[in-house]
Amino acid sequence: MDSCCQQTPLFTFGVIADIQYADIDDGFNYSRTRKRYYRSSLELLRNAQESWSESAPRPEFILQLGDIIDGFNKGHAASDRALDSVLSEFSSSPTEVHHVWGNHEFYNFSRSALLRSKLNSTLRTDGRLSGDQAGGDIYAYHFSPFPGFQFVVLDAYDVSLLGREESSEQYSSAFSLIRQYNNNEDLNCPPAGGGLEQRFTKFNGGFSKEQLDWLDSVLCSADEKREKVTIVSHLPVHPYSTDPICLAWNFDELLAVIRSHCSVVCFMAGHDHDGGYHRDKDTGVHHLTLEGVIETPPGSDAFATVSVYEDRMVLKGKGRIADRELLFP
């Protein structure tokens, strides 16, 4: 690792997850087992921005893995104000930010509003976006920061109760799916019995067949070009990389697509504030779940800078996030 770090990387990028900023006093998670630091999350983002701006070389882009502001903002009529505060911190640097959508985006905004907002990264790219998006109102696209490398942003709430009108066919379909496993009156409570079925909660979602087919076509092209692909999503998709309660509903279908291709090297996600990591023994793909800013105490940090080489990515974490060397399959 030391010899690799003495080389000049092809490019670098920053990554951060689950900022969940709100101008409210500290609180707790849904089950009241973990403290959340709503105001100080903005300071931790500021720390990350300062670190990235002082880095040499500077990151080519930042991956913001979703839940940029907390759902409590909605009840305080503060969603726009909170988002402006966080985006103002990001805009302190000219580095391009690619925003992923999580459940808290949908607690604050409708899907149609998000598609029109500054959180739709396809509306303000610097030109590196391929133009190939999933279509419809699915927020999925890919971009190439350097020849031979592709990054794919997925929409993990394409199939979900969140962000869909209750009168829509998409909502009805998602409701029927979750009711097969979860009979609780409050669908934010996981099904009884434990295991992987815990993932069927309202705060999770999944990927439609249309999006999976689109991803398959993107990876077919990457296979042919011998490109290295990193996929990003708010929800993790490998059961060994996260607590089961944080998995995407149809994680198995997404994994099947990945396993049918040779181009994917890494899958990055947020959502599980404790973070996680697993390397798929069949494919060699690294599944990295980033620790969340929102449950990081003041005085610590939760962000990383990733240096990309021909044969690996080297992740330098700050605070709660451990350093990792991710060798390509």
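Predicted model: local features only at pLDDT ≥ 70, side-chain atom pairs only at ≥ 80, totals over all residues.
Glu 89 belongs to helix 4 (residues 79-90) and Arg 46 to helix 2 (residues 40-54), so the bridge ties together parts that are 43 residues apart in sequence. Glu 89 counts as buried, at 13% relative accessibility, while Arg 46 is partly exposed, with a relative accessible area of 26%.

Helix 2 lies across strand 1 (11-16), strand 4, strand 13 and strand 14. It runs at about 25° to strand 13. Helix 4 also packs on the sheet, where it touches strand 1, strand 4 and strand 5. The direction of helix 4 makes about 140° with that of strand 5.

Hide the helices and look at the sheet alone. In what order do its strands lie? The order is 5-4-1-13-14-15, six strands in an open sheet with mixed pairing. Strand 5 (96-99) and strand 15 stand at the edges; each has a single partner strand, so one side of each is left without a neighbour in the sheet. On average, neighbouring strands here are turned by 20° against each other, direction ignored.

Strand 4 (residues 61-64) and strand 5 run parallel and are joined by four bridges. To see one of the pairs, select Leu 63, whose bridge partner in strand 5 is His 98.

Next, select Glu 295 and Arg 34. They form a salt bridge in which the closest N and O atoms are 4.0 Å apart. Glu 295 sits in the loop between strand 12 (286-289) and strand 13 (302-308), and Arg 34 in the loop between strand 2 (27-28) and strand 3 (35-36). The pair links distant parts of the chain, 261 residues apart. Glu 295 is buried at 12% relative accessibility, and Arg 34 is partly exposed at 34%.

Arg 320 is in the loop between strand 14 (312-319) and strand 15 (324-327), and Asp 274 is in the loop between strand 10 (264-269) and strand 11 (276-279), 46 residues apart. Both count as partly exposed, Arg 320 with a relative accessible area of 27% and Asp 274 with 38%. Across the model the count comes to 17 salt bridges.

Move to His 142, in strand 7 (residues 141-146). Is this residue buried or exposed? His 142 counts as buried, at 8% relative accessibility. Its side chain makes a polar contact with the side chain of Gln 150, at 2.9 Å.

Finish with the cysteines. How many disulfides are there? The count comes to zero. Select Cys 220 and Cys 262: the sulfur of Cys 220 has its closest cysteine sulfur in Cys 262, 9.7 Å away, which is too far for a bond. Cys 246 is in no disulfide either, as the nearest cysteine sulfur, that of Cys 189, is 14 Å away. Cys 220 is partly exposed, with a relative accessible area of 33%, whereas Cys 246 is buried, with 10%.

Terms used
Residues numbered from 1 in each chain as written. Heavy atoms only, no water. Disulfide = S-S within 2.5 Å. Buried < 20%, exposed > 50% of the residue type's maximum accessible area, 1.4 Å probe, protein only. Helix = DSSP H or I, 4+ residues; strand = E, 2+ residues; numbered from the N terminus. Polar contact = N/O pair within 3.5 Å; in protein donor to acceptor, adjacent residues only side chain to side chain. Salt bridge = Lys/Arg side-chain N within 4 Å of Asp/Glu carboxyl O. Pairing = 2+ DSSP bridges. Axes fitted to C-alpha atoms, helices over the stretch in contact; angles between N-to-C directions. Contact = heavy atoms within 4.5 Å.
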